[in-house]
Amino acid sequence: MNMLETYNRQLFLAINAGPDTPLSVIHLTAFLADDAIFLLPVLLAGLWLWGRLPKRELVVRASCVTLLALGLNQLIILLWPHPRPFMIGLGHTWLAHAAESSFPSDHTTVFAALAVTWLMGELASLGIVILGVGLGVGWARVYLGVHFPLDIVGGLMVAGCSYALLIPAWRRFGPTLTLRVQMLYRHLFALPIGAGWLKA
């Protein structure tokens with residue numbers, strides 16, 4: 001076992017919740033670890049449905065960065081599968097999870113992909129909030145025993161690389177893609193838009 005992996009395991013054990021942790025803390029942390037991510041589609045929908053074109057462009061761009069990042073995660077998993085802590089009998093597990101590769105963390109990747117896109121756009125303050133929540137989610141998943149700390153770092157790195165990889169193509173094709181998505185939206189939601197419930 002190399003030095004980095006040794007450090008990764010030691011840091012995991014320092015963060016991981018022990019057997020004397022109150023169940024109330026476990027339940028609250030589990031909500032953060034498992035359920036906070038479901039707020040992101042609601043946020044994206046709100047920015048699109050009631051936002052103007054610049055915000056809609058950021059929604060589409062952030063979605064593309066996220067999809068690319070999750071695709072890269074799958075490639076990494078194929079090339080370098082890494083067991084989760086409970087798969088090697090390390091620490092305590094407080095959250096049910098499939099026995100699959102841990103690196104990088106998909107949850108952290110999604111939060112970080114949205115955050116970096118908005119930090120580099122016109123929603124920097126929201127990007128800071130999303131990044132903070134994403135780091136909290138990553139910590140919670142280590143705390144509950146389903147990820148190693150370096151899985152969280154890996155998710156941040158993949159998101160950053162995905163943004164850098166996408167931007168050259170986005171400058172060329174992004175505005176056109178956003179306008180086409182907006183045209184489709186206006187067609188599908190013509191009735192609520194016409195009633196004034198949603199922005200055109």
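Visitor: At what angle do helix α4 and helix α7 pack?
Guide: Helix α4 (residues 53-79) and helix α7 (residues 149-188) pack at about 135°, and their axes are 7 Å apart. This is a predicted model, where local features need pLDDT of at least 70, side-chain atom pairs count only at pLDDT 80 or more, and totals for chains, interfaces and linings use all residues. Residues are numbered from 1 along each chain as its sequence is written, and side-chain values use heavy atoms, leaving out hydrogens and water.

Visitor: Why are α4 and α7 called oblique to each other?
Guide: Angles under 35 degrees count as roughly parallel, over 145 as roughly antiparallel, 65 to 115 as roughly perpendicular, and the rest as oblique. The angle here is about 135°, so α4 and α7 are oblique.

Visitor: What makes Thr-178 buried?
Guide: Buried means under 20% relative accessible area, with a 1.4 Å probe and protein chains only (exposed is over 50%, partly exposed in between). Thr-178 has 2%, so Thr-178 is buried.

Visitor: Where does Thr-178 lie, and which residues does Thr-178 touch?
Guide: Thr-178 lies in helix α7. Not counting residues up to four places away in sequence, Thr-178 touches Trp-48, Leu-53, Arg-56, Glu-57, Val-60 and Trp-170. Contact means heavy atoms within 4.5 Å.

Visitor: Which residues is Leu-114 in contact with?
Guide: Leaving aside neighbours within four places in sequence, Leu-114 is in contact with Leu-40, Leu-44, Ala-62, Thr-66 and Ile-130.

Note on methods: Axes are lines fitted to C-alpha atoms, for helices over the stretch in contact, and angles run from 0 to 180 degrees between N-to-C directions. Helices (H or I, at least four residues) and strands (E, at least two) are DSSP runs, numbered from the N terminus.
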